Amino acid sequence: MPRKLDENLYFNDVAIDSHHGKILLQYKMLADAVRDGNSTVMINKLANFLEHYTNEHFDAEDLIMLQYRYPEIKEHRREHQEFEDSIKELKKRLDEEGATRNLAVAATGLLYRYIINHMNKTDKDLALYLRERKPR
Ligand SMILES: [Fe+2]
Ligand SMILES: [Fe+2]
């Protein structure tokens, strides 16, 4: 798992770039908490963070995709929707089961897959597309 942002992931957009840094940090904090046995405290905070994060971050990416007429917008939006659905499911389980270590481990996997499959692939494709079109 990368510890810092890959330079190919830079959007040259202050908000979006800082969001990406934040999610990597959250992943690291959660993985450390699971390792150290503190994950039940962390999982509640994380669920709230992710709910706000997805709203703000996906809106920002959506705007930039529209602005630069990104041809893959439909697929990109679909992946965002999938992640939002997973966060809703996580919050639902948190309400029903409480903050358990099992749930924290499941959340670690969810974030890991999001970073590897979405950020490091789908977001990177978008960043590369913008690189050629967006003024610096
Ligand atoms: Fe992103
Ligand atoms: Fe994205």
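Helices here are DSSP runs of H or I with at least four residues, numbered from the N terminus. In this predicted model, the elements of the protein chain run α-α-α-α from the N terminus on. The chain has 4 helices and 0 strands.

**Overall dimensions and contacts**

- The C-alpha trace of the protein chain spans about 45 × 25 × 20 Å along its principal axes.
- Buried residues make up 21% of the 136 residues of the protein chain.
- Of the contacts between residues at least 6 apart in sequence, 76% join residues at least 24 apart.

**Packing of H1 and H4**

- Helix H1 covers residues 14-36 and helix H4 covers residues 101-131; their axes come within 10 Å and cross at roughly 150°.
- The crossing of H1 and H4 is left-handed.
- On the H1 side, the contact is formed by His20, Ile23, Leu24, Tyr27, Leu30, Ala31, Ala33 and Val34.
- These meet Ala104, Val105, Ala107, Thr108, Leu111, Tyr112, Ile115 and Met119 in H4.
- By class, the residues of this contact between H1 and H4 comprise 14 nonpolar, 2 polar and no charged.

**Helix H4**

- H4 bends by about 35° at methionine 119.
- Methionine 119 is also one of the H4 residues that meet H1, and it is buried.
- The other buried residues of H4 include Ala104, Ala107, Thr108, Leu111 and Tyr114.
- Asp123, Leu126 and Ala127 in H4 are buried as well.
- The buried residues of H4 pack against H1, helix H2 (39-67) and H3.

**Isoleucine 87 in H3**

- Isoleucine 87 lies in helix H3, which runs over residues 73-97.
- Isoleucine 87 counts as buried because it has 21 C-beta neighbours inside 10 Å, where the cut-off for burial is 20 or more.
- Beyond its neighbours within four places in sequence, isoleucine 87 is in contact with Leu50, Glu51 and Thr54.
- The C-alpha atoms of isoleucine 87 and proline 135 are separated by 34 Å, with the two residues 48 apart along the chain.

**The segment before H1**

- Lysine 4 lies in the segment before H1.
- Lysine 4 has 9 C-beta neighbours inside 10 Å and therefore counts as exposed.
- Between the C-alpha atoms of lysine 4 and arginine 35, 31 residues apart along the chain, the separation is 20 Å.
- Asparagine 12 is also placed in the segment before H1.
- The phi of asparagine 12 is near 55°, a positive value in a residue other than glycine.
- Asparagine 12 counts as exposed because it has 12 C-beta neighbours inside 10 Å, and the exposed class takes in residues with 12 or fewer.

**The loop between H2 and H3**

- Arginine 69 is placed in the loop between H2 and H3.
- Although it is not a glycine, arginine 69 has a positive phi of about 45°.
- Arginine 69 is exposed, with 9 other C-beta atoms within 10 Å.

Methods
Residues numbered from 1 in each chain as written. Chains lettered and ligands numbered in written order. Predicted model: local features only at pLDDT ≥ 70, side-chain atom pairs only at ≥ 80, totals over all residues. Axes fitted to C-alpha atoms, helices over the stretch in contact; angles between N-to-C directions. Helix = DSSP H or I, 4+ residues; strand = E, 2+ residues; numbered from the N terminus. Left-handed = near helix turned anticlockwise from the far one by under 90°. Contact = placed C-beta atoms within 7 Å. Nonpolar A, V, L, I, M, F, W, Y, C, P; charged D, E, K, R; others polar. Bend = angle between axes of the 7 residues up to and from the residue.
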